[in-house]
Amino acid sequence: MKYYNLKGREENVDFRTATIKGQGKDKGLFFPENIPYFEEEFIQNLHQYSDEEIAYQCMKDFIGEEIPSEILKKIVAETISFEIPLKKISDEISILELFHGPTLAFKDIGAGFMSRCLSYFLENQQKKVTVLVATSGDTGGAVAHGFYDLPGIDVVILYPKNRVSPVQEKQLTALGKNIYALEVDGSFDDCQSLVKQAFSNKEINNQLFLTSANSINVARWLPQQIYYLLALKQWQSKESKEAPVICVPSGNFGNLCAGILAHLRGLPAEHFIAACNANDIIPEYLKTKNYNPKKAVATLSNAMDVGDPSNFIRILELFNNEFDLLKNKISGYSVDDKVTIQTIREVYNRYHYILDPHSAVAFASLDEYINENPGKKGFILGTAHPVKFPDAVENAIHTKIQIPQSLNDLMKKEKKTVEINSDFEELKRFLLNKN
């Protein structure tokens, strides 16, 4: 499989190169040269396959022979080594719980896969590698955990000051060793802009072996297809044979993009919903056909506070930049903080299920869609454990959330950060002098 640069198709690389480089020239994202389709028999009989075999079948065509099949099977097995259950909330809405991994967030899957691939590719690399990543919340912790204490790899994480939850912050700042956390006085968009500037800076790239672990990296983005297949496997056994409506809490849009890619490969889906908070760039685009990036505003669902989502260009590519095709398959909803809190409270009181703010945005969006389209059923992606957002959740349900012992230990650890302004020269100085 080859991958081309969305800003210049003449740059054409293999999976190994795309994984190591992170992005192409002119900050362009890599995109698969062709889309491999699932066998119809495979999709119709998912219940006959183990989760590990499903994950392997999902990923093998994107890797080709660059990773031996036995090693790839080991990588995907380790990537999904925790429970990923589909649970019913109401008669119409279920939730795919993606927060049973080591950092209690869906990013554990993409980050786990990517860290293992990168470790394999760099096994005999002499020069130390620097993984540079921006996070709006959960990516940082998942990447930090995935790469922690790996020889020959440093991780530099940029996150927006005062815009991540206490648990999220500790997960990316308390490890130390080869993990460096930069607390940026700005928004996630500022962090993401700094990362992109670093990748295009000749002086930095001449001195450092730089790669990315954001969902701009194909090795982070592509494995997210796996859990859509695992959800369908459970859907087929628990629900009717009708295809589900799939609602995805959306910030940088890598997650939704992976689901749509899986759908275009043969995964049945009635419709997709981009569930957004007050950062409503894509819902507005779907209404007006005008794409107007904005400065991100802070919300309770902070991991979705993105004003210029990087992966939306990949979604456009999947639909050949044809607006009508895209609009027929995706609806966009924007949910404010007031409705988010109200949804957490109502779902808890009515169904005895605790949603985190991101999942609440998704539940409210899917509920509205079903009200507009009676008879439909679907599921939302539960992208983070509610314990990561105790203030918002506990204020909504008036009940204390039990904190897992692993988090109790983590919260006692010292925060290790370097504060910087959203100034590229400050980031540049840190990267070139961190060792």
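Predicted model: local features only at pLDDT ≥ 70, side-chain atom pairs only at ≥ 80, totals over all residues.
Trainee: How many aromatic pairs does a search of the whole structure find?
Mentor: Some ground rules: local features need pLDDT of at least 70, side-chain atom pairs count only at pLDDT 80 or more, and totals for chains, interfaces and linings use all residues. Residues are numbered from 1 along each chain as its sequence is written, and side-chain values use heavy atoms, leaving out hydrogens and water. Rings of Phe, Tyr and Trp (its six-membered ring) pair if their centres lie within 6.5 Å; planes under 30 degrees apart are stacked, over 60 edge-to-face and the rest tilted. On that basis, the search of the whole structure gives 15.

Trainee: What is the angle between the planes of Y285 and Y291?
Mentor: Their centres are 6.2 Å apart. The pair is edge-to-face, with the planes at 75 degrees.

Trainee: Is Y285 buried or exposed?
Mentor: Buried means under 20% relative accessible area, exposed over 50%, and partly exposed in between (1.4 Å probe, protein chains only). Y291, at 29%, is therefore partly exposed. Y285 has 9%, so Y285 is buried.

Trainee: How many residues apart are Y285 and F323?
Mentor: These two form an edge-to-face pair, 5.3 Å centre to centre with 85 degrees between the planes. Helices here are DSSP runs (H or I, at least four residues; strands are E, at least two), numbered from the N terminus. Y285 is in helix α13 (residues 281-288) and F323 in helix α15 (residues 323-329), so the pair links distant parts of the chain, 38 residues apart.

Trainee: Which residues form one aromatic cluster with Y285?
Mentor: Both Y285 and F323 are buried. The cluster holds Y285 together with F253, Y291, F312 and F323.
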